[in-house]
Amino acid sequence: MLRALLLVGLGGAVGSMMRYAASLLVNRAVDHSFPVATFLVNITGCFLIGLLFGFGERHHWMQGDTWLVLATGFCGGFTTFSAFALENVSLLGKGNSYSSILYIALSVVVGIVLCRLGMSIMR
């Protein structure tokens with residue numbers, strides 16, 4: 001258990017640093033009227049976790065420690081949106097489109113509402 005936590009933490013630290021660096025670079029180059037940096041990081045993370053999952057499934061390689069460091073750790077630190085996307089692809093792949101739509105809608109709406117509530121409480 002401790003080993004797994006350390007591996008996830010290692011990957012997460014690198015992913016978080018990469019997210020911060022990518023945001024700095026993009027924000028220097030792009031207009032701030034749209035959250036381009038966050039959008040690019042999120043879609044890049046989704047693509048990366050898809051590549052990792054597909055490669056691992058095809059070659060039986062992404063298991064155990066490797067998955068913990070790269071997918072759970074790095075992609076999780078880079079963006080938790082990648083895990084959200086993978087979970088929805090999995091739900092859709094299993095024919096659970098209602099659950100996927102509900103998960104998407106609730107995550108977005110409840111997340112925004114709770115963010116706003118937290119801000120209101122702290123003001």
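Trainee: Which residues does serine 23 touch, not counting residues up to four places away in sequence?

Mentor: Serine 23 touches Ala37 and Val41, where contact means heavy atoms within 4.5 Å. Before we go on, this is a predicted model, in which local features need pLDDT of at least 70 and side-chain atom pairs count only at pLDDT 80 or more, while totals for chains, interfaces and linings use all residues. Residues are numbered from 1 along each chain as its sequence is written, and side-chain values use heavy atoms, with hydrogens and water left out.

Trainee: Thanks! Is serine 23 buried or exposed?

Mentor: Serine 23 counts as buried, at 18% relative accessibility. Buried means under 20% relative accessible area, exposed over 50%, and partly exposed in between (1.4 Å probe, protein chains only). Serine 23 lies in helix H1, residues 2–29; helices are DSSP runs of H or I with at least four residues, strands are runs of E with at least two, and both are numbered from the N terminus.

Trainee: What makes up the largest nonpolar core?

Mentor: Seven residues: Val41, Ile49, Leu52, Ala71, Phe74, Cys75 and Phe78. Helix H2 (36–59) and helix H3 (65–78) each give two or more residues to this core, and H3 gives the most, with four. A nonpolar core here is a set of buried Ala, Val, Leu, Ile, Met, Phe, Trp, Tyr and Cys residues joined through side-chain atoms within 4.5 Å.

Trainee: And what about the rings, how many aromatic pairs are there?

Mentor: The count comes to four aromatic pairs. Rings of Phe, Tyr and Trp (its six-membered ring) pair if their centres lie within 6.5 Å; planes under 30 degrees apart are stacked, over 60 edge-to-face and the rest tilted. Phenylalanine 53 and tryptophan 67 are edge-to-face, because their planes are at 70°, with the centres 6.2 Å apart.

Trainee: Where do phenylalanine 53 and tryptophan 67 lie?

Mentor: Phenylalanine 53 lies in helix H2 and tryptophan 67 in helix H3, so the pair ties together parts that are 14 residues apart in sequence. Phenylalanine 74 and phenylalanine 78 form a stacked pair, 5.7 Å centre to centre with 10° between the planes. Both phenylalanine 74 and phenylalanine 78 are buried.

Trainee: Switching topic, where is serine 100, and what is it in contact with?

Mentor: Serine 100 is in helix H5. Leaving aside neighbours within four places in sequence, serine 100 is in contact with Asn88, Leu91 and Leu92. Serine 100 is buried too, with a relative accessible area of 1%.
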